Amino acid sequence: MGVEGGMKCVKYLLFFFNFIFWLCGLALIVLGVLVQVALHKTVVINNVSASSAPIVLIVVGVVVFFIAFFGCCGAWKESYCMVTMFSILLGLIIITEIGNFGSGTNSVPDSCCVNVTAGCGQGAMEDSSKVHQMGCQTVVEELLKKNIMWVIVAALVIAFLQIMGIIFACMLMRGIRSGYEVM
């Protein structure tokens, strides 16, 4: 017995948006591989610190891919377990985004070093002979400050979509559960 009425609309909305996010996750994975090949002329990652951008793209793509898979397939199959897993994972993502994880150490990525070697950025943040002092963080911070309104709008839209995803998933879980109780 499937969901009926308004729950059918929630089911298809959850499916549709998660299908789009699933495609976006796949696109991020492909983009990460393409960036790796463009930068290093190989798919194999030999130096992790030099391949940080492709690794981030691939990891974020894989996370989005699997979370959207649970939401998409859970909605389509009306699987209580998959929709619950989707809701929990999306909640964990929101908690992770809210928490500001920082190492708090005096280290920088190895790619910031003047001479890139493994571990060269450990404890070398203030040493101008070892690391470039004008790093990516400063440039990115300046870019974000210049476009703060767009950053705020993007953050609010993403937060809204994630919260609506959790609400729709919980509504669908309730609809699926009540369908099971009738039987």
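Start with the largest pocket: select F21, L90, I158, L161 and Q162, which lie nearest its centre among 24 lining residues. (On a 1 Å grid over the protein atoms alone, a pocket is an open set of points where a 1.4 Å probe fits, with protein on both sides within 12 Å along at least five of seven lines; lining residues have an atom within 4 Å of a point.) Helix 1, helix 2, helix 3 and helix 5 each give two or more residues to that lining; helices are DSSP runs of H or I, at least four residues, numbered from the N terminus. Colour the lining by type and you get 20 nonpolar, 3 polar and 1 charged.

A word on what you're looking at: this is a predicted model, where local features need pLDDT of at least 70 and side-chain atom pairs count only at pLDDT 80 or more, while totals for chains, interfaces and linings use all residues. Residues are numbered from 1 along each chain as its sequence is written, and side-chain values use heavy atoms, leaving out hydrogens and water.

Next, select L14, V83, F86, A169, L172 and I176. Of the 13 residues in the largest nonpolar core, these touch the most other members. (Such a core is a set of buried Ala, Val, Leu, Ile, Met, Phe, Trp, Tyr and Cys residues joined through side-chain atoms within 4.5 Å; buried means under 20% relative accessible area with a 1.4 Å probe, protein chains only.) Helix 5 gives the most here, 5 residues.

Last stop: residues 12-35, a span that is 100% helix, with its end C-alpha atoms 34 Å apart.

Terms used
Buried < 20%, exposed > 50% of the residue type's maximum accessible area, 1.4 Å probe, protein only. Nonpolar A, V, L, I, M, F, W, Y, C, P; charged D, E, K, R; others polar.
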